[in-house]
Structure formats: structure tokens, C-alpha cells
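Biologist: Please go through this model with me, and for each label that you use, set the value against the definition behind it.

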Amino acid sequence: MAAAREQGHCYLTAGQIDTEVRQLLDLDCRDRLEAVLAQMQVENLLRIRNLTVGDDRPAPCYYSKSLYYDEESVALRLRGLGGTLPVDRQRAAAWIDSYCQARDISLSDEQASAVERIVGQQCSILTGGPGCGKTTTTLVIVRLLESMRREVLLAAPTGRAAQRMSEVIGREARTIHRLLEWQNGGFLRNEEHPLQADFLIVDECSMLDISLTASLLKAVPAGCQLLLIGDADQLPSVGAGNVLRDVIASGAIPVFRLTRIFRQAGESLIIRYAHQINSGEIPAIASPFKNPAVWQDGSDCLFLDSDEATREQIEFITRVKRAFNWQLPQFEGLATGSSPFEFRTAEAVTSSSEQDFVIPARFRHVDLEKVRQAAGPVAELKAVLARVHPWSTLHYGLTALETVVRLYREWIPKYQGASGEIQILCPMVRGTLGTANVNSVIQRAVNPPREGRPELQVGERIFRVGDRVIHRRNNYDLGVFNGDIGRIVAIDNEELTCIVRFYPDDREVGYQRDDIVELDLAYAITIHKSQGSEFSAVIIPVLNQHFKMLYRNLIYTGLTRARRLAVFVGTRKALAMAIRQQDPLRRQTALEQLLRQGSGVDG
């Protein structure tokens, strides 16, 4: 059950539980499973809900108690927020026209209609892709509500999203955790002590998991209106559930969808390519190695063709180098100085790689002499690749990893300015271009050990003053949450403590010894961890080594984190594979069904 929650599921079927138990414990318990699960329900250890799954027939689905009640609570409360409030639509439309003219704001027809109708909905959803005007629409909604003397609260799941909301709306926005006031293991704001508001607006709702949504809705006071804003095509929440997508799919809550891309936004390649990717189209992204002018002509999305040797390629190169000394020279010279009966009998066998050399089928195209002569990893990789892209950085002696380092240290600061925040967004943790290795390499490049610079080792991780770090889990005692990013400003080696200054508000948090394990380097973070954040520039490695995670919504989410510049590094083949692939892992949630059942919407 706990493993299923980590995958985003709210429940498992009996068959899935049996499969997981056999994989985890190598135990076949099919004959006893039904009785065990029934006994666990009697002992109040789990809950069962009959749901339509698979073949459209109801089947028992098994929940942890907390997720069962959270899902039920969200459905119940959202159904209770149905209906409309009386609003003079004609008067509202006149106010919108007057306000927008006075401030030179141009709303599309769908934006204006959304503003007019949302202020009269008890609960509604505003959705749309990048560049479609969700932010401007929200701004006008807030100003209209204030003119109607409504008390408005603004919130978002992360500190960065809340800060961005504050900047564009011009009003304070808080994280949901701060809005609900976490203390002593629970939220102070709940049914007994609800929020003080007439209208609550929550942004970046694709990040809402079922448990946080349940806590939020419990704190919504009677009579308060609710607007959920988000892009359901982004990655779903890290926690269990798929709240925004489920609520939209249920049809139980009015949805206002913005589809028109504004001209100014449409000039951004980031936005244009994001919409193409979301539609399954493969964009033709320019390379500065083909046309260096793209660094300075306003292009805000680039592709640097490059590659990195796979483990299989490295093993093949190593075997060639070892075997070449005696396999390829002329045979009559191989036995020089010894009898053919004693040929190499004195040599030790050091590994299975040192058998008679057999070329795997996928490397039959390789010229082994070129591999033997290749000096360095770039030349070796070029020697084993069947084809190298004509604009590849490999032709300039740079692997994909080395290209990422150059972008981070030199090229982006040179063309975008040194003050912009650069974030590397990786599809995975593992691999040469996973976050673990990239963080280690970038740290050595930009913040190496130096006399007088304090550093602290925690397990295999080394932290130094000046390092960019990310907090990895919610810590309510420190007031720091999963995904918060900052910079280490002080380290005390004697007390094993450090101080981190967090973006975007520069608040400083002191970490004791036991808290430091919750930190990790953040020069590179996973795309999942970047949800709800924006950065001046992002670097996105995309190679075949990431194939397990290469899906359309991952690339779409990573690209839309960039504000001024996005740079892909890798192969267009891997990018195309990602765009063609929809994430096959459909989260197992019942919220859509529960909302349909309660609202009378046909399935």
C-alpha cells in the first residue's frame, strides 16, 4: 500500500496486492489473500470501496484508511460547493470593459466570459496551456471581486508559485501550508477554525495531491467561493491522487478553458514548442552550433545535439581496447618469443571480458581500428556510433555532460547575463546525466573545495558554503517544504550545523545535524521536483539513457519551467520518443467516479 501511494495510486486491487507481495517477499498468498484482507478491514487497518475498474464491473479496491477518507472528503466537499451565486452579469461586463481600458489590458472573448461567470460560481476551474492568459484572467477576477467588496485569499502549493502569484496579482499569496497554519502535527485551519475569506483562489493545482486537497477544503468556510487554477497536462502531484485531472474529467465542476495563444506569447518559442509538444508534434528546434546567431536573435528555446556513451558502449570500447593488442596485429607476430603451445598461458584471466573477442550484432558497423586509435571518451564514442548528428557537440570534443557544464558555467551567463537563475532539469536521478552525477560534476566545476571554505560531509554528499541546495521532504518544524530551493550561507563544522537562505524571500533557516540529511544539491533537480517553479533559464538533458522516464508530459512540464531560455541537450531521437509516448501509468483514483455519482453526471 505504501509503495502504491509513492506511485500516486490511492488504492490497489486484490490482484495487484498479490503481485506486489510476490515480488516483494517471493511469497504466493493467493489462497489466503482474500481472508487476510477481510481480517485487516475488521481490525481497522484498511478500507474497501467497490469501484468500476478494468472490465467495467465493480470490484473491491483496497485503501489505506487516510487515503480512503481523504478521497471521500474531497468528493463530498466539492459536491457541496456546487451551484451559482447571483451576479449582475451586465454590470460585471461593464466593469471589466472599463477596468481593462483604463489599464490597457486586452482580454479575449473567452477570458472576458470566464471572468464574468467565475465570480458567480460557488466552485470553478480555470485551465489552459502556457501563453493563454490564465494569469491576466486571474488578475482581473481578483480586481473585480475586490470591487464587489469580497475578501480574497490567494494560495499555491509551493513558495515559488506563491511568490510568482504575488508578483503578477499584486496581492499577498501564501503557500497552502502557511495558509492553513501547520502546528504541532496538524493544520490549525479546519472545519472548526476555517479561513476568513469570501473567495479562495488556488494556483498550480496540478500539484495538489488528495491529502492536501482534503485539508484545504476542510478549511473553506461556508459561503466561500473557490477557484482552482492549473494545467492538467502538466505532471501530476508527487503525492497520491490526480485531483485536477479527475475533477475536470468528472464534469461535476464548471471548467473554463482558455485556448487562444496571445500574439506576444506566441512569439515565444518556449510557448509555441510547448503547445506543439502537448499536441504530439515534434518541434524543429534551432541549434547554435548550426546558427550561432540564435544566441542573440531573441530565440528562447535551443537544442544542442550531443550524446553520452551508454554502459553497453563503454563496455564494448573497454573490451576492444583490451583485446586489440593481440587480436588485430598480423597473426604471425602474435607468438613472437614463445611457442604456439604456450601462447599467453602465463597471463591471468582478469574478467569475463577477456574471452576471444566477439563483436555484438549492434556493433558490427564499428571500425575496430578507429576505436583502438581513439584518444579520449569523445573520440571513442564517435567511433562506435553508427551516425553522428552533423551539428553535434561531439565534433567539437564535448560530450553531452561536458556541454551541460559549459552551458551552466559559460554560455548561458555570457548571453543571458550572470544574474539569471539557471536550473538543470533532469528526467531521472540515475545515469551520467541524472541529477546525482550532474550535481557532483557541477559542484566540482563551480564550487570546488578551497582553503577557508567550510564544508560538511553527510553520507556520500558534500555540502559547501555557496552550494545550491533543495529540501527533500516537508519539515513543518523548520517551516521548509519538499522542493524548496536555497543556498548554503554558513557551515559550523564543530556543531555540524548549517544555515540555508531560501528563495524567493531570502528567509534563513538553521539546520541541526539531524535535519541536514533532508538537503540535497540542487544545481540539477528532477523535472518532477521543479513543478510549480519558474527559472530564468533551464537546461534539459534528454538522451536514450532516460528512456524509462521519457514521456510527453515530462518534457512539456520541464520546458514550461523556463521563463527566458530553455536549452535541450541530447538527441532529437530521444526527444521524439518522449513526445510520442503518453505516460502509461494511469493513477488509480476514485475521485472522478465519486464526483460523477454524486452529481448525476453520466459516465
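This is a predicted model: local features need pLDDT of at least 70, side-chain atom pairs count only at pLDDT 80 or more; totals for chains, interfaces and linings use all residues.

Modeller: Residues are numbered from 1 along each chain as its sequence is written, and side-chain values use heavy atoms, with hydrogens and water left out.

Biologist: How many helices and strands does the chain have, and what makes a stretch count as one?

Modeller: There are 21 helices and 23 strands; the helices (H or I, at least four residues) and strands (E, at least two) are DSSP runs, numbered from the N terminus. Of the 603 residues of the chain, 50% count as buried, where buried means under 20% relative accessible area, exposed means over 50%, and partly exposed is in between (1.4 Å probe, protein chains only). Among contacts (heavy atoms within 4.5 Å) with a separation of 6 or more, residues 24 or more positions apart account for 71%.

Biologist: What makes the span of helix H5 close to the expected one?

Modeller: Helix H5 runs over residues 89–102, and its 14 residues reach 20 Å from the first C-alpha to the last.

Biologist: How do you know on which side of H5 its buried residues lie?

Modeller: The buried residues of H5 are Ala92, Ala93, Ile96, Tyr99 and Cys100. They cover an arc of only 135° around the axis, and therefore lie on the same side of H5; the arc is that of the directions from the helix axis to the C-beta atoms. These buried residues pack against helix H6 (109–118) and helix H7 (134–147), while the face turned away from the buried side carries the exposed residues Gln90, Arg91, Gln101 and Ala102.

Biologist: What makes aspartate 88 a cap of H5?

Modeller: A side-chain oxygen of aspartate 88 lies 3.2 Å from the backbone nitrogen of glutamine 90, at the N-terminal end of H5. A polar contact is a pair of N or O atoms within 3.5 Å; within protein, one must be able to donate a hydrogen and the other to accept it, and residues adjacent in sequence count only if both atoms are side-chain atoms. The distance of 3.2 Å is within that limit. H5 is followed by aspartate 104, whose phi is positive, near 55°.

Biologist: Why is helix H11 called mostly covered?

Modeller: Six of the eight residues of H11 (residues 243–250) are buried, namely Val243, Leu244, Asp246, Val247, Ile248 and Ser250. Serine 250 has a relative accessible area of 1%, and so it is called buried. A polar atom of the side chain of serine 250 lies 2.7 Å from the backbone oxygen of valine 247. H11 is followed by glycine 251, whose phi is positive, near 75°.

Biologist: Why does serine 206 count as buried, although it lies in the loop between strand E9 (199–202) and helix H10 (210–218)?

Modeller: The relative accessibility of serine 206 is 8%, so it counts as buried wherever it sits in the chain. Leaving aside neighbours within four places in sequence, serine 206 is in contact with Asp231, Gln234, Leu235, Pro236, Ser237 and Leu244.

Biologist: Why is glutamate 181 called partly exposed?

Modeller: Its relative accessible area is 29%, so glutamate 181 is neither buried nor exposed. Glutamate 181 lies in the loop between helix H9 (176–180) and strand E7 (182–183), and its phi is near 60°, a positive value in a residue other than glycine.

Biologist: What makes a group of residues a nonpolar core, and which residues touch the most other members of the largest one?

Modeller: A nonpolar core is a set of buried Ala, Val, Leu, Ile, Met, Phe, Trp, Tyr and Cys residues joined through side-chain atoms within 4.5 Å. In the largest, of 47 residues, Leu78 and Leu200 touch the most other members. Domain 1 (1–63) and domain 2 (79–267) both give residues to this core, so it lies between them; the domain bounds come from an automatic or database domain assignment. Apart from it lies another core, of 43 residues, among them Leu398, Leu407, Ala524 and Ala537.

Note on methods:
The expected span of a helix is 1.5 Å times one less than its number of residues.
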